[in-house]
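Morning, everyone. Please have the sequence and the 3D view open while I talk.

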Amino acid sequence: MGVLMSRRQTVEQVQKVSLAVSAFKDGLRERPSTKRKADAWGGRRGTLEHVVQEVQEEEEERPEAAGPSQTQREESRANRAAWERLRDGRGVEPEEFNRANRFTPPAFVRPTRELHDDEPLEISLEQREQVSSDEMCEICEVWTAESLFPCRVCTRVYHDGCLRRMGFLHNSSAVEVTETAHTETGWSCYYCDNLNLLLTEEEMYSLMETFQQCKIIPETCLTQDNFLHYKHLVHKRHFERPLSEDQEERAALQFSALDPDKKGHVEWPDFLSHESIVLLQKLRPQNSLLRLLTAKERERARAAFLPLHQDSQGLISQSECRKAQHTWFRKHQKEAPSCNVSISHVGPMSESSPASSGSNRSPQKTLLGTEQEESSRPVDWPTFLKENVIYILAARPNSAAIHLKPLA
């Protein structure tokens with residue numbers, strides 16, 4: 001498998017190498033102190049992860065006072081060889097990596113909220129964005145043309161071999177990646193597939209605290225009874241009252257959407273992604289959520305809105321806006337349950353459920369006129385984005401589950 005790099009890429013790599021070498025030489029003259037390293041972890045100060053990191057750094061720095069070890073000298077030679085390859089524009093083949101040292105999962109750094117992310121964000125409808133994926137694999141930084149698999153959310157691309165060696169791609173999912181990565185449906189990389197990575201440390205701490213208080217055990221599956229019981233506890237915790245019948249019905253429909261294969265339980269990754277996106281919807285304003293969209297997602301939103309508005313004012317109806325909320329889960333169109341599916345199809349319900357009461361749902365008839373009036377309400381492009389952004393984000397994972405079911 002050959003490695004091809006353009007002259008522009010070669011020049012850029014040489015420039016990067018020169019800057020890195022200069023920084024490396026400066027670092028040899030004055031090594032950073034332990035205090036400076038601790039400042040870099042300021043965002044994680046007070047967390048268990050930060051405490052563990054400090055202990056590990058102290059243990060690693062103790063033998064360095066007596067001089068570099070044999071392992072450090074070997075790493076230095078390996079790094080020097082890597083700089084030479086980058087300088088010459090030769091790159092590195094995936095097979096040349098040392099699996100023990102190179103192919104390790106990355107440390108995910110949680111995002112932080114900026115001061116201005118609540119302010120209005122203007123996203124133009126007419127001004128299209130030229131989106132192109134990266135040219136080299138995110139892991140090994142090698143370009144091998146058609147063997148790279150692009151992410152449908154971000155610009156990263158990957159080799160299937162690199163993903164497999166890092167443990168992000170198994171034989172069961174390898175076929176899915178190769179079949180969908182270059183199609184309109186697309187494939188999400190391991191960064192974008194995990195909605196929990198959108199949470200800040202403070203938001204994640206809040207979610208973990210809720211799990212602990214509701215007796216949720218991580219890495220376990222949830223049955224429908226467990227799921228509804230958890231929803232009751234969370235609602236009672238925030239509003240000091242249990243779920244209403246309508247809210248319990250929506251929770252049951254959400255469970256069905258999270259269990260498309262009708263296994264009778266929800267897998268932990270799907271439950272965690274669902275709770276993460278629900279927490280984002282609750283805590284973040286819509287302007288903040290808009291800043292999470294990537295260029296590919298913004299272009300996908302434009303492609304969904306432009307065919308709908310027919311007049312010069314750029315308006316669509318509320319019903320068309322709601323229909324668009326279902327289209328983001330286009331991968332699951334054949335698998336997703338219909339909006340009219342009875343919740344009795346997803347398993348037994350509690351006695352307080354409206355499905356077990358046999359009621360005729362007469363309040364829906366009285367609200368029919370109001371719903372018709374609401375469906376005809378005009379929606380412009382900024383409103384369309386704000387009402388769809390949470391569903392665009394919820395559609396990122398590769399799982400067949402719908403992690404935030406739109407309202408009927």
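I'll go through some helices, their cover and their contacts.

This is a predicted model, where local features need pLDDT of at least 70, side-chain atom pairs count only at pLDDT 80 or more, and totals for chains, interfaces and linings use all residues. Residues are numbered from 1 along each chain as its sequence is written, and side-chain values use heavy atoms, with hydrogens and water left out.

Start with helix H12, residues 295–305. Helices here are DSSP runs of H or I, at least four residues, and strands are runs of E, at least two, numbered from the N terminus. Eight of the eleven residues in H12 are buried. Buried means under 20% relative accessible area, exposed means over 50%, and partly exposed is in between, with a 1.4 Å probe and protein chains only. Among the buried ones are Lys 296, Arg 298 and Arg 302.

Why does Arg 302 count as buried? Because its relative accessibility is 2%. Leaving aside residues up to four places away in sequence, Arg 302 touches Glu 129, Pro 307 and Trp 381, among others. Contact means heavy atoms within 4.5 Å.

What covers the buried residues of H12? The cover includes strand S5 (316–317), strand S6 (378–379) and helix H17 (381–394).

Now the packing. Two packed helices are described by the angle between their axes and the distance between the axes. H12 and H17 pack at about 125°, with axes 11 Å apart. Axes are lines fitted to C-alpha atoms, for helices over the stretch in contact, and angles run from 0 to 180 degrees between N-to-C directions. H12 and H17 are therefore oblique to each other. Under 35 degrees counts as roughly parallel, over 145 as roughly antiparallel, 65 to 115 as roughly perpendicular, and the rest as oblique. On the H12 side, the contact includes Ala 301 and Phe 305; on the H17 side, it includes Phe 384 and Leu 385.

Next pair: H8 (residues 224–239) and H10 (residues 268–283). Their angle is about 25°, and their axes are 14 Å apart. That makes H8 roughly parallel to H10. Among the contact residues are Phe 227 and Tyr 230 of H8, and Phe 271 and His 274 of H10.

Last, helix H9, residues 245–258. Its buried residues include Glu 248, Phe 255 and Leu 258. H8 and H10 are among the elements that cover the buried residues of H9.

Technical notes
Expected span 1.5 Å × (residues − 1).
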